[in-house]
Amino acid sequence: MAQAVFHHIELSLSDPGELRSLREHLGRAPGVEITQIPGKPADKELGTWDVLQIAAAGTGALAVAVRTLPAFIRSRRSNVSVTVKTADRTVTITADNVDEVIPLVERALDG
């Protein structure tokens, strides 16, 4: 019997105080599992904030979750950005670029 292949993306926030709200927001998307994990510091960084790992059996469920990000970003009182890391691409979504960036993330998930 073949084992299901899970696809995943990682999300980090410019405001770590919004992580719980984002986790709850994404929890409404069907077919995804959300796990809060420690972030990995880049070279010469001393530490990082936690990130959310979103996993699903197919990329379609991940795309549905990603499509909810504009509503989350626009609902925040302060400017918040979400960085989405796929297997081969990292993009940052803000209220100013959301319409251009969401299609890029969706294509990365398809590819």
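Leaving aside its neighbours within four places in sequence, which residues is Glu 10 in contact with? They are Ile 37, Lys 40, Val 51, Leu 52, Gln 53, Thr 83, Val 84 and Lys 85, where contact means heavy atoms within 4.5 Å.

This is a predicted model, in which local features need pLDDT of at least 70 and side-chain atom pairs count only at pLDDT 80 or more, while totals for chains, interfaces and linings use all residues. Residues are numbered from 1 along each chain as its sequence is written, and side-chain values use heavy atoms, with hydrogens and water left out.

Glu 10 lies in strand β1. Helices (H or I, at least four residues) and strands (E, at least two) are DSSP runs, numbered from the N terminus. Strand β1 covers residues 7–13. Two strands pair if DSSP finds at least two bridges between them. The pairings of β1 are tabulated here.

| Partner of β1 | Sense | Bridges |
|---|---|---|
| β3 | antiparallel | five bridges |
| β4 (residues 82–85) | antiparallel | four bridges |

On the β4 side, Glu 10 stands opposite Lys 85.

Glu 10 counts as buried because its relative accessible area is 17%; buried means under 20%, exposed over 50% and partly exposed in between (1.4 Å probe, protein chains only). Gly 58 is partly exposed, as its relative accessible area is 28%.

Gly 58 sits in the loop that lies between β3 (51–56) and α2 (59–67). From Gly 58 to Val 91 the separation is 33 residues in sequence and 20 Å in space, C-alpha to C-alpha.
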